[in-house]
2 protein chains.
Amino acid sequence: MEEQQRARRPGGRAARVGAAVHQAVTELIAERGYGTFSVADIAARAGVADSSIYRRWGNLETLLADVTLTYLNERSPMPDTGTLAGDLRTYAAAVAREITGPEGLALLRLVVTLSNSGQQGLQAGEELRAERTRQLQSMLDRARERGETAPDALGVLDHVLAPMYIRVLFGLGPLTPEYVDGLVDRLL
Amino acid sequence: MEEQQRARRPGGRAARVGAAVHQAVTELIAERGYGTFSVADIAARAGVADSSIYRRWGNLETLLADVTLTYLNERSPMPDTGTLAGDLRTYAAAVAREITGPEGLALLRLVVTLSNSGQQGLQAGEELRAERTRQLQSMLDRARERGETAPDALGVLDHVLAPMYIRVLFGLGPLTPEYVDGLVDRLL
């Protein structure tokens, strides 16, 4: 993880600080869960000054959203299979795998928590969703450019992502491939 | 068992304790939010012994789920308008009103929290959802008995309730009547 981050953020002290802080957050989330540690805890774990974190990210919420976005982009990049059905099925399957995996519930709860933890959390959560929505929109735009009929991004949220999120949040059984593909087929 | 039977009979000491405890929980939720008070806090506020609460509800999670179910049944009873479209539109509009109201977010977060707070919370959350699902199922069964084609209860969860829940949890704008009716029409 640290090696990967170092590779992608080449060079310099700022890059080393960034990698160390991301690594510290990832470890603290794994050990304790979201909502249980402070900027001071992260700084101590990463071996940097609190002020370095505040200077770069501004606040805890923005840092958490940044780490989450990096994680999502690594684990669930938007696919480009050549057809909209293929793209959406691949994307939905990746999301299903993530949210039912060991980190998944923590991830969902972080997004819910950010949305409800004051102005900074709201803004950080909004930027995280905006970035992922922008990626999803590119996928849908590519389909339209190929001449396919595509739903809008909110349609994907409402009828593919939301049912999966709610079933996981409510503890309602596994997300089978048939169920996930069914959501995509129904939308298309 | 004897205690439960006594509790269900109107009047008498058990009924007074039940009302006082429900009232205390409602006040504590309004003042402090879910997850911030204990059985001891509730007992003190209601003027009853901790042991009365444990004897009747077993644990905090079951009590919270009981109060929530009572609240939902009072505020969003399942409608019986004579048509499935009418029933579902009325029901969806009531849910939209509840979850965007002052108590709504707290309510949604309680259900999410129950699902993720150990075995007792899981069971309490499950019983709450099971009871509301039974009520929804009766509504769908009535439609079938009238000869209408009805979706199953999970279809209503996936495509009417889940999109509304997620939009509120993610802080994504208001649930307009057009949007809510559109979810129902799309499902039917």
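Predicted model: local features only at pLDDT ≥ 70, side-chain atom pairs only at ≥ 80, totals over all residues.
1. Helices are DSSP runs of H or I with at least four residues, strands are runs of E with at least two, and both are numbered from the N terminus.

2. H6(A) has 17 residues and spans 24 Å from its first C-alpha to its last, close to the 24 Å expected at 1.5 Å a residue. That expected span is 1.5 Å times one less than the number of residues.

3. Moving on, Glu103(A) sits in the loop between helix H6 (84-100) and helix H7 (104-115) of chain A. Glu103(A) counts as partly exposed because its relative accessible area is 29%. Leaving aside neighbours within four places in sequence, Glu103(A) is in contact (heavy atoms within 4.5 Å) with Ile29(A) and Tyr71(A). The C-alpha atoms of Glu103(A) and Ala30(A) are 7.7 Å apart, although 73 residues separate the two along the chain.

4. Have a look at Asn59(A) too, in the loop between helix H4 (50-57) and helix H5 (60-75) of chain A. Asn59(A) counts as buried because its relative accessibility is 13%. The Asn59(A) side chain reaches the backbone nitrogen of Glu61(A) at 3.2 Å. Not counting residues up to four places away in sequence, Asn59(A) touches Tyr54(A) and Gln120(A).

5. Of the contacts in chain A between residues at least 6 apart in sequence, 60% join residues at least 24 apart.

6. Finally, the core: the largest nonpolar core has 121 residues, and Val21(A), Ile42(A), Met164(A), Val21(B), Ile42(B) and Met164(B) touch the most other members. Such a core is a set of buried Ala, Val, Leu, Ile, Met, Phe, Trp, Tyr and Cys residues joined through side-chain atoms within 4.5 Å. Setting aside residues up to four places away in sequence, Val21(B) touches Ile42(B), Ala46(B), Val48(B), Ile53(B), Trp57(B) and Leu63(B).

7. A word on conventions: residues are numbered from 1 along each chain as its sequence is written, and chains are lettered from A in the order in which they are written. Local features need pLDDT of at least 70, side-chain atom pairs count only at pLDDT 80 or more, totals for chains, interfaces and linings use all residues, and side-chain values use heavy atoms, with hydrogens and water left out.

Note on methods. Buried < 20%, exposed > 50% of the residue type's maximum accessible area, 1.4 Å probe, protein only. Polar contact = N/O pair within 3.5 Å; in protein donor to acceptor, adjacent residues only side chain to side chain.
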